[in-house]
Each structure stands twice: as C-alpha cells, then as structure tokens.
Amino acid sequence: MNPPPVNSSVGPYRDRRTALLIAGVLEILLGVGAWLMVGLMVFAASMVTAQGAGSKGSIIPGIAVYGIAGLVFVILGGRLNPGPPLGSGPLVGRVLVLAH
C-alpha cells in the first residue's frame with residue numbers, strides 16, 4: 001500500500017510570534033479604552049445628576065457592557081501572548097506518568 005501524496009501547497013512553518021504579540025497588545029489597549037469609557041460614563045452621569053437632569057440608574061447597562069467588554073479584551077489579549085518557543089523548557093522530552 002502506497003502512502004498518500006504529500007500536499008505540496010503547504011509551505012514551511014512561519015513564526016507568528018511578533019504578529020500575535022502586536023495583536024495581544026492592541027486587544028489589551030482596547031480593553032483599557034473600554035474601562036476608560038466606564039470612567040467617563042460615571043463622570044458624565046455625576047455631572048448630569050448634579051444638575052438634576054437625570055438619574056444614575058440609566059448608565060448601569062452601559063457600565064456593564066463596557067466593563068465586560070474591557071475584561072474580555074484584556075483576557076483575550078493576554079492569551080495571545082505567544083510565550084516561550086516550543087521545545088524549550090524544563091519538561092522537554094519528559095513524559096508525565098500518572099501512578100495508579
């Protein structure tokens with residue numbers, strides 16, 4: 001039986017660490033920007049309520065949306081950090097054996 005032919009359209013491995021690092025930093029910055037928007041919304045609401053024109057309860061959904069979006073962006077941006085290259089570390093070549 002002959003082995004299946006190798007797909008020649010797949011090129012060599014490309015190191016994408018730099019692109020992942022830049023994307024992660026940009027996502028973290030988006031998260032920080034969303035949290036700054038939360039602060040701006042609280043400040044604006046305090047200014048409006050000081051003039052007696054509105055209530056603070058109307059900004060709670062916006063704070064929730066921007067706060068959660070900021071959290072998601074920061075967490076996902078941190079996950080894009082590539083970490084150490086494969087094959088470098090204390091457990092290279094070792095197998096974890098679980099005792100029964």
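Helix 1, which covers residues 17-50, has 34 residues and reaches 50 Å from its first C-alpha to its last, close to the 50 Å expected at 1.5 Å a residue. The expected span of a helix is 1.5 Å times one less than its number of residues, and helices (H or I, at least four residues) and strands (E, at least two) are DSSP runs numbered from the N terminus. This is a predicted model, in which local features need pLDDT of at least 70 and side-chain atom pairs count only at pLDDT 80 or more, while totals for chains, interfaces and linings use all residues. Residues are numbered from 1 along each chain as its sequence is written, and side-chain values use heavy atoms, with hydrogens and water left out.

**The chain as a whole**

- The secondary structure of the protein chain comes to two helices and zero strands.
- Of the 100 residues of the protein chain, 10% count as buried, where buried means under 20% relative accessible area, exposed means over 50%, and partly exposed lies in between (1.4 Å probe, protein chains only).
- Among the contacts in the protein chain with a separation of 6 or more, 78% are accounted for by residues 24 or more positions apart, and contact here means heavy atoms within 4.5 Å.
- The protein chain exposes about 8,400 Å², and carbon and sulfur atoms supply 71% of that area, as computed by the Shrake-Rupley method with a 1.4 Å probe, in which, for residues, only the protein chains shown count as cover.

- The buried residues of helix 1 are Gly 24, Gly 31, Ala 34, Val 38, Met 41 and Ala 45, and what covers them includes helix 2, residues 60-79.
- Just after helix 1, Gly 52 takes a positive phi of about 80 degrees.

- The buried residues of helix 2 are Gly 62, Gly 70 and Gly 77; seen down the axis of helix 2, its buried residues fall within an arc of 60 degrees, so they line one face of the helix, the arc being that of the directions from the helix axis to the C-beta atoms.
- These buried residues of helix 2 pack against helix 1, whereas Ile 60, Pro 61, Val 65, Ile 68 and Arg 79 are exposed on the other side of helix 2.
- Gly 62 counts as buried because its relative accessible area is 18%, and its C-alpha lies 9.3 Å from that of Met 37, although Gly 62 and Met 37 are 25 residues apart in sequence.

**The nonpolar patch**

- Ile 28, Val 32, Trp 35, Leu 36, Ile 68, Leu 71, Val 72, Ile 75 and Leu 76 make a nonpolar surface patch of about 790 Å².
- Patches are made of residues with over 30% relative accessible area and no salt bridge, with like charges joined within 9 Å and nonpolar side chains (Val, Leu, Ile, Met, Phe, Trp, Tyr) joined within 5 Å.
- Helix 1 and helix 2 each supply at least two residues of the nonpolar patch, and the largest share, five residues, comes from helix 2.
- Ile 75 lies in helix 2 and is partly exposed, with a relative accessible area of 45%.

**The salt bridge**

- The count comes to one salt bridge, where a salt bridge is a side-chain nitrogen of Lys or Arg within 4 Å of a carboxyl oxygen of Asp or Glu.
- The side chains of Arg 17 and Asp 15 meet in this salt bridge, at 3.9 Å from N to O.
- Arg 17 counts as partly exposed at 32% relative accessibility, and Asp 15 counts as exposed at 52%.
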